[in-house]
Amino acid sequence: MNSSNSNPATESDAVPPLDMIELLPERRSQVVRKSSGIPATDLPCGKASTAGSVSQRACVFCGSRVVLYPICDALHIVHGPIGCAAYTWDIRGSISSGPQLHRNSFSTDLQEMDVIFGGEKKLEAALLELITHYQPKAAFIYSTCIVGLIGDDVNAVCKRVGAKTGIPVLPVHSEGFKGTKKDGYQAACEAVYKLVGTGDTAGISPHSINILGEFNLAGETWILRDYYKRMGIEVVACITGDSRIEDIRRCHGAKLNLVQCSGSMTHLAKMLERDHGIPFKRVSYFGIEDMSAALYEAAKFFSDDPTIMFRTQQLVREEIAAIYPELQRYKQKLVGKKVAIYVGGAFKALSLVRVLRLLGMETAVVGSQTGDTEDYRQLQEISDPGTIIVDDSNPLELAKFCLEKDVDLFIGGVKERPIAYKLGIGFCDHNHERKEPLAGFVGMLNFAKEVYASVASPVWQFAPRRANRGKEAVRP
Amino acid sequence: MSIITQEEEPRSKNFTSTRNACKLCTPLGACLVFRGVEGCIPFLHGSQGCSTYIRRYLISHFREPMDIASSNFHEESAIFGGSSNFQQGTLNVMRQYQPQLIGAATTCLAETIGEDMPRLLHDLREKYGDRVTAHRDRVHREAIAARTWTASTPP
């Protein structure tokens with residue numbers, strides 16, 4: 001053994017306290033501390049996660065699966081080993097007003113022999129069998145790592161099955177090793193775009209929009225649809241929350257696209273702009289400011305009908321008046337509390353920083369899995385000095401930052417929840433598994449309520465770290 | 001969890017596809033076992049998704065933090081082999097977690113491209129001593145499923 005190769009495992013066997021852990025050298029450039037007077041730095045984002053860093057990101061397949069999952073009258077079949085299908089079975093809180101087909105888990109369950117001899121025959125048989133039984137309006141076939149490696153011709157199988165069954169059978173090229181989650185979003189957009197333009201656009205109002213990147217978590221799409229209906233604007237398709245294949249086929253008849261989850265759906269919006277001349281705008285439905293801005297954006301676009309703007313103003317006024325007094329009550333209790341945010345997309349993080357400011361709370365740590373350079377630039381601009389901005393973080397780093405900043409609340413997803421609870425910190429779920437609608441004006445109130453319930457819970461006084469608050473720091 | 005939308009077909013028929021199968025993949029079993037050992041960090045040799053999904057699944061089940069490292073294959077690693085990812089990944093785990101044991105398990109990706117796990121482990125031992133344990137998954141054989149099957153079949 002070469003003596004110059006020091007052994008990091010034996011060098012010091014004592015595990016350092018969480019807040020003393022050093023960042024991995026490969027990760028240092030992806031963490032920025034905002035300091036006043038210094039221009040925003042560009043984070044090298046979009047690069048693959050560092051091996052062994054225990055990233056919170058998932059793979060390409062995950063990106064495609066979560067985006068297309070809410071299309072509820074389509075058959076979603078995972079072509080690959082059983083694990084990929086089992087772990088994505090019904091994992092989103094997207095609800096449907098009709099068919100529930102999307103909540104099932106279908107897979108070709110590739111075995112050793114299929115890997116050796118190819119899985120095309122199995123895929124074709126599985127598709128024919130499932131389509132005959134469930135009579136879906138379309139079928140999405142997700143390719144996983146293995147399928148990419150053994151080189152099954154999924155496109156040819158889809159073509160054959162499509163011709164036999166008469167429904168669109170769409171391959172989604174989401175091999176897990178292909179890139180990051182963003183490449184999965186792109187693959188999903190490509191697949192869904194094959195449907196666009198095949199439907200009849202007759203009868204679509206001149207004041208019509210598509211909502212892109214909204215997934216009907218806990219029924220949020222229905223809240224938004226109601227707002228636009230009250231404004232006098234027709235929603236042609238919501239892609240993909242509570243959507244039907246029929247809506248997606250005719251969505252090119254709309255006059256404007258509003259993109260919420262910009263990370264996943266900007267690609268589709270750009271394709272719609274290129275081929276059908278539909279302009280798109282980035283909006284967010286979280287928080288009073290962003291929600292109102294999103295509604296006004298659409299009203300301004302349809303300026304040929306001044307009654308739309310009038311109705312929008314009335315709607316915003318009514319809705320804010322209904323929630324404002326209660327929001328103020330929560331604000332009194334929440335003012336000055338510190339928050340750490342780690343979510344999937346950075347655009348959502350931006351909205352959250354604004355919403356928290358409205359509640360009088362400070363953002364101390366903010367990060368995302370898939371943000372781009374522009375998102376991080378904006379985050380650096382709007383956040384307070386001293387804020388830690390991080391791309392593609394991992395559990396140890398998040399715990400370290402939470403301890404360092406002594407936050408009172410963590411906003412994240414299911415993988416971050418136990419980190420927060422172990423540290424004795426309140427938690428608010430803002431990911432795709434949540435059961436509470438957080439979009440719209442009513443969502444703002446739900447959010448304040450949830451944050452208040454967690455932050456002000458008396459349970460934290462029993463957490464060891466909290467009990468010693470103000471005294472010397474102790475390891476949780 | 002399952003939503004059965006229509007009457008299921010008679011059970012006697014042989015299906016090609018799985019429908020709402022209560023069956024998980026091999027690396028999950030490996031991670032579960034490794035995680036039970038004190039000071040052990042499970043390490044999956046394959047795409048990032050495998051480790052993140054298994055983490056998500058186990059976190060939801062146990063409501064406990066569950067850190068599983070990954071060698072994070074890219075397209076190049078799938079073509080040219082993932083030995084450098086394995087080296088870097090294990091080194092990073094040692095740096096961050098100071099584990100007493102790293103439990104390395106292969107995923108279908110690593111097995112299909114034919115990663116030479118004994119050699120990778122040999123190289124690692126040369127460098128850092130005997131702290132890495134390997135669990136060589138037999139591709140696509142579900143350890144957990146096999147066990148449930150045995151339990152449910154009458155003797």
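These legends go with a set of close-up views of a predicted model.

**View 1. A buried salt bridge between Arg27(A) and Glu397(A).** Here the two side chains meet in a salt bridge, at 2.8 Å from N to O. Arg27(A) sits in the loop between α1 (8–11) and β1 (31–33) of chain A, while Glu397(A) belongs to helix α16 (residues 395–405) of chain A, so the pair ties together parts that are 370 residues apart in sequence. Are these two residues buried or exposed? Arg27(A) is buried, with a relative accessible area of 1%, and Glu397(A) is buried too, at 2%. Both values fall under the 20% cut-off for a buried residue.

**View 2. Arg230(A) with Glu318(A), a salt bridge between two helices.** The side chains of Arg230(A) and Glu318(A) meet at 3.6 Å, N to O. This pair links distant parts of the chain: Arg230(A) is in helix α9 (residues 220–231) of chain A, and Glu318(A) is in helix α13 (residues 306–334) of chain A, 88 residues apart. Arg230(A) counts as partly exposed, at 32% relative accessibility. Glu318(A) is partly exposed as well, with a relative accessible area of 47%.

**View 3. Arg56(B) reaching Glu433(A) in the other chain.** Another salt bridge, at 2.8 Å from N to O, brings together the side chains of Arg56(B) and Glu433(A). Arg56(B) lies in helix α2 (residues 48–62) of chain B, and Glu433(A) in the loop between β14 (426–429) and α18 (440–455) of chain A, so the pair joins two chains. Arg56(B) counts as buried, at 12% relative accessibility. Back in chain A, salt bridges that share partners make one network out of Asp226(A), Arg230(A), Glu318(A) and Glu319(A). Over all chains, the count of salt bridges comes to 27.

**View 4. Thr16(B) and its contacts in chain A.** Look for Thr16(B) in the segment before β1 (18–19) of chain B. At 26% relative accessibility, Thr16(B) counts as partly exposed. Which residues does Thr16(B) touch, leaving aside its neighbours within four places in sequence? Its contacts are Thr108(A), Lys122(A), Ala125(A), Ala126(A) and Glu129(A).

**View 5. Helices α1(B) and α2(B) crossing.** The axes of helix α1 (residues 26–35) of chain B and α2(B) come within 10 Å and cross at roughly 55°. That makes α1(B) and α2(B) oblique to each other, and their crossing is right-handed. From α1(B), the residues that take part are Pro27(B), Leu28(B), Cys31(B) and Leu32(B), and they meet Ile54(B), Tyr57(B), Leu58(B) and Phe62(B) in α2(B). Sorted by class, this contact has 8 nonpolar residues, with no polar and no charged ones.

**View 6. Helices α9(A) and α12(A) packed together.** How far apart are the axes of α9(A) and α12(A)? They are 11 Å apart, and α9(A) packs with helix α12 (residues 288–301) of chain A at an angle of about 40°. These two helices are therefore oblique to each other, with a right-handed crossing. On the α9(A) side the contact is made by Leu224(A), Tyr227(A), Tyr228(A) and Met231(A), and on the α12(A) side by Met291(A), Ala294(A), Leu295(A), Ala298(A) and Ala299(A). The class count here is 9 nonpolar, no polar and no charged.

Notes: Residues numbered from 1 in each chain as written. Chains lettered and ligands numbered in written order. Predicted model: local features only at pLDDT ≥ 70, side-chain atom pairs only at ≥ 80, totals over all residues. Heavy atoms only, no water. Salt bridge = Lys/Arg side-chain N within 4 Å of Asp/Glu carboxyl O. Helix = DSSP H or I, 4+ residues; strand = E, 2+ residues; numbered from the N terminus. Buried < 20%, exposed > 50% of the residue type's maximum accessible area, 1.4 Å probe, protein only. Contact = heavy atoms within 4.5 Å. Axes fitted to C-alpha atoms, helices over the stretch in contact; angles between N-to-C directions. Parallel < 35°, antiparallel > 145°, perpendicular 65-115°, else oblique. Left-handed = near helix turned anticlockwise from the far one by under 90°. Nonpolar A, V, L, I, M, F, W, Y, C, P; charged D, E, K, R; others polar.
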